[in-house]
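Trainee: I would like to learn how to read this model feature by feature. Please give me the general idea each time, then the case at hand.

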Amino acid sequence: EQLVESGGGLVQPGESLRLSCVISGFTVEFKSVGWFRQVPGKERRAVSCLSRGGGARETRVTADSVEGRFTISRDDATNTVYLDMNFLRREDTAVYYCAASISSLRAACAESTKYNFWGRGTQVTVSS
């Protein structure tokens with residue numbers, strides 16, 4: 001049972017990256033998934049998340065700092081969650097973590113304390 005992130009690296013400002021998170025070994029459905037990021041000395045913060053359930057449309061929450069630049073998506077066929085990051089800025093430098101919850105968190109999917117399962121993270125560095 002694990003979540004494994006990949007796709008991080010060193011890029012220049014303005015460039016793009018796609019992060020992937022493969023979820024494997026679980027027999028439950030994760031109704032909520034999210035991407036969070038953390039820099040040294042600061043708390044882990046939400047980047048973007050998706051939540052489904054209850055017959056309602058899927059809920060999507062995106063941090064203001066990445067709105068219009070980052071897009072989260074999921075592929076149920078491959079149990080993979082993606083984060084497409086465009087127009088990267090130096091301030092996007094962080095370790096990015098994938099998280100999953102069996103609960104339908106809806107707007108609360110942006111709260112890191114709501115998640116039971118986490119990946120180990122992938123480093124994204126934006127520098128010229």
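Trainee: Is arginine 106 buried, partly exposed or exposed?

Mentor: Buried means under 20% relative accessible area, exposed means over 50%, and partly exposed lies in between, with a 1.4 Å probe and protein chains only. Arginine 106 has 39% relative accessibility, so the residue counts as partly exposed. A word on the source: this is a predicted model, in which local features need pLDDT of at least 70 and side-chain atom pairs count only at pLDDT 80 or more, while totals for chains, interfaces and linings use all residues. Residues are numbered from 1 along each chain as its sequence is written, and side-chain values use heavy atoms, with hydrogens and water left out.

Trainee: Where does arginine 106 sit, and what is its phi?

Mentor: Strands are DSSP runs of E with at least two residues, numbered from the N terminus. Arginine 106 is in the loop between β9 and β10 (117–118). Most residues other than glycine have a negative phi. The phi of arginine 106 is positive, near 50 degrees. Phenylalanine 87 also has a positive phi near 50 degrees; this residue lies in the loop between β8 and β9. Phenylalanine 87 has a relative accessible area of 56% and is therefore exposed.

Trainee: How do I read the sheet, and in what order do its strands come?

Mentor: Two strands pair if DSSP finds at least two bridges between them. Here an open sheet of four strands has the order β1-β3-β8-β7, with antiparallel pairing. Its edge strands, β1 (2–6) and β7 (70–75), each pair on one side only.

Trainee: How many bridges join β7 to β8?

Mentor: Six bridges join β7 to β8 (residues 80–85), and the two strands run antiparallel. Within this pairing, serine 73 stands opposite tyrosine 82, and threonine 71 faces aspartate 84. The hairpin of β7 and β8 has four residues between the strands, and asparagine 79 takes a positive phi near 50 degrees there.

Trainee: How many residues does the largest nonpolar core have?

Mentor: A nonpolar core is a set of buried Ala, Val, Leu, Ile, Met, Phe, Trp, Tyr and Cys residues joined through side-chain atoms within 4.5 Å. The largest one has 25 residues, and those with the most contacts inside it are Ile23, Trp35, Phe70, Leu83, Met85 and Tyr96. Strands that each supply at least two residues of this core include β3 (17–24), β4 (32–38), β5 (45–53) and β9 (94–101). A second, separate core of seven residues includes Phe36, Cys49, Ala99 and Leu105.

Trainee: What does tyrosine 96 touch?

Mentor: Contact means heavy atoms within 4.5 Å. Leaving out residues up to four places away in sequence, tyrosine 96 touches, among others, Glu5, Trp35, Phe70, Leu83, Met85 and Val124.

Trainee: Why is leucine 50 counted as buried?

Mentor: Leucine 50 counts as buried because its relative accessibility is 2%. The residue is in strand β5. Beyond its neighbours within four places in sequence, its contacts include Val33, Ile72, Ser73 and Cys109.

Trainee: How many aromatic pairs are found in the whole structure?

Mentor: Rings of Phe, Tyr and Trp (its six-membered ring) pair if their centres lie within 6.5 Å; planes under 30 degrees apart count as stacked, over 60 as edge-to-face and the rest as tilted. A search of the whole structure finds six aromatic pairs. Tyrosine 115 and tryptophan 118 make an edge-to-face pair, 6.0 Å centre to centre with 65 degrees between the planes. Tyrosine 115 is buried, with a relative accessible area of 7%, whereas tryptophan 118 is partly exposed at 27%.

Trainee: Over the face of which residue does arginine 44 lie, at 3.6 Å from the ring centre?

Mentor: A charge sits over a ring if NZ of Lys or CZ of Arg is within 6 Å of the ring centre and within 35 degrees of the ring normal. Arginine 44 lies over the face of tyrosine 97 at 3.6 Å from the ring centre. Arginine 44 also lies over the face of tryptophan 118, at 4.8 Å from the ring centre.
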